[in-house]
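Subject: Handing over the structure

Hello,

Here is the structure you will be taking over. Please open it first, then read the notes below.

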Amino acid sequence: MQDLSADVVIVGSGPTGSAYARMIRRDWPEARILMLEAGPYLRAEKGAHLDNIANLEARTAAEIGAQGPSRSAYAPITEAEWNERRAGRFDGSLLRRQGLFLANEADPHDETLFAGFAAANVGGMGTKWTTGCPRPSQSERIPFIAAEKMDEALGLAEDLLKVNKDLHPNDPGASRLREQLGAMFNQGRAPDRQVQPMPLACTPTASGFLRHGIDVILGPMLEESEETFRILPDTGCRRIIHENGRATGVEIATPGANDTRRVAAGTVIVAADSLHSPQLLYASGIRPAALGRTINDHYQVTKLIEVETDQPMQSMSWIPRVDDWPFSVTIGPTSANTMPFPADFKGQPVFIGLFCASDVDPGNRMEFDETRTDWLGLPTISIKARKTPGDLARLEEGKALVARITDALGRSAPGFETVVLPVGSSLHYQGTMRMGERNDGESVCDANSRVWGFENLYVAGNGIIPTVTATNPTLFSVALATIGARQIARERRQA
């Protein structure tokens, strides 16, 4: 088999890995880029969002194909479990969802339970995400990255993701709802932090809208020859090969196989996700003290309500986080047709989703077991995480806030109580490869996402965010990827 080599090897094909590829291509046109993905192609349109598949049977098959080692149908929620969820209690189906790849060996009601999710397919979570792209608040931003630089990066990220600031501008039902929410929350807020439409990476169509996957980010790169850009599907990365602070390549294998190959690389970018990227660094003997040590996942409070309206809303609304208010709230229409068991509604069903910031705690951490390997041949992961007293207090405040919003907009849907989802359910894991201003043992990478002690090894994804956030982090992570990508292009093209 022919040896492989590339100027840049990217491990992972999700939004941040794809953003690295596209920005490097913009600033370093002649670069040879190789992208590795542990899972398969699921669509002829490479990396396109699965929710755009109109045929439900075909969409379900594609979603199963994204599940990594568990590529089989999963047991749906039962009526008894659904009733438990409606009552605001834990239901076992939450640990059987598509994409679930781990749950710590704890009782489902144990506070240390962490339900982890990932996608193993070309496009990664970019084929499954909800496409929310709000900008982070001032307190969520990284203090050692200049405001002008961060604003530029966020603008580039919005361009790459093709963010639509208002998907349904002529939506009187949503406008009325925003007026009601604005009366409650807008006072004292800067204009950009007032109640507004949720920015979405979507394109409106005559029949609805299309969600954006990595096909949108990569754009014309998908038409390049394999000599300049290539995605290798069904290819796991076993380790990063490195010597004296320099990554020289990667070792790859088909998942489940014993035979490995080496790929020579000028630069390596690890963009597997916030859990599997630290796992790969650890397996490669790259183990800074902060690796996996401060996993942070903002908590999620949900509520289903009824809103009486003669102008049903179509679009999602957003109450942004502000510095002294540790919540980010999304409110949007849903459909009784999507519920697993019939429910009678007298008004329009509306979903409230509140993200609640959680404390950064070094005791909340990932652990790796080298005596057992997973389907990719890497040390198995476990996660230890507990809510702090501050977390518990904010959650109670968040539940009270959801009740206030419910009373202002309508009423609780009959039989549906407020639900606090299990830790890990937000899918927004952060801090596992946290960024730092200096190499003091408290971080994994610098402000350009370069791993401390290495000249050509970079990390990407939500895991590098070091701040306490409540806002959906995808836009933030893609913005940070544009900073790292431009740094690589500047250094390598001049070399």
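Does Glu251 count as buried or exposed? At 15% relative accessibility, Glu251 counts as buried. Here buried means under 20% relative accessible area, exposed over 50%, and partly exposed in between, with a 1.4 Å probe and protein chains only.

Some ground rules. This is a predicted model, in which local features need pLDDT of at least 70, side-chain atom pairs count only at pLDDT 80 or more, and totals for chains, interfaces and linings use all residues. Residues are numbered from 1 along each chain as its sequence is written, and side-chain values use heavy atoms, with hydrogens and water left out.

Salt bridges

A salt bridge is a side-chain nitrogen of Lys or Arg within 4 Å of a carboxyl oxygen of Asp or Glu. The count by this rule is 29 salt bridges.

Glu251 pairs with Arg239, and their closest N and O atoms are 3.3 Å apart. This pair links distant parts of the chain: Arg239 is in strand S9 (residues 236–243) and Glu251 in strand S10 (residues 246–253), twelve residues apart. Arg239 is partly exposed, at 28% relative accessibility. Helices (H or I, at least four residues) and strands (E, at least two) are DSSP runs, numbered from the N terminus.

Arg32 has a salt bridge with Asp7, with 3.6 Å between the closest N and O atoms. Again the pair links distant parts of the chain, 25 residues apart: Asp7 is in strand S1 (residues 4–11), and Arg32 is in the loop between H1 and strand S2 (33–36). Arg32 is partly exposed, with a relative accessible area of 32%. Asp7 counts as buried at 16%.

Arg135 and Asp151 meet through their side chains at 3.9 Å, N to O. Arg135 lies in the loop between strand S4 (115–117) and H4, and Asp151 lies in helix H4, 16 residues apart. Arg135 counts as partly exposed at 26% relative accessibility. Asp151 is partly exposed too, with a relative accessible area of 34%. Both belong to a network of salt bridges that links Arg135, Arg141, Asp151, Glu158 and Lys165.

Helix H4

H4 covers residues 147–161, 15 residues in total. The expected span of a helix is 1.5 Å times one less than its number of residues. For H4 that gives 21 Å, and its end C-alpha atoms are 21 Å apart, so the two agree. Buried residues in H4 include Met150, Ala153, Leu154 and Glu158. Among the elements covering the buried residues of H4 are helix H1 (15–27), helix H6 (214–218) and helix H9 (474–494). Just after H4, Lys162 takes a positive phi of about 55°.

Ile24 sits in helix H1. Ile24 is buried, with a relative accessible area of 0%. Contact means heavy atoms within 4.5 Å. Not counting residues up to four places away in sequence, Ile24 touches Val8, Pro29, Ala31, Ile33, Ile269, Ala485 and Ile488. Ile24 and Arg490 are 466 residues apart in sequence, but 9.2 Å apart in space, C-alpha to C-alpha.

Ala413 is in the loop between strand S18 (411–412) and strand S19 (419–420). Ala413 is buried, at 2% relative accessible area. Leaving aside neighbours within four places in sequence, Ala413 is in contact with Leu304, Ile305, Glu306 and Phe345. Ala413 and Ile305 are 108 residues apart in sequence and 4.5 Å apart in space, C-alpha to C-alpha.

Best wishes
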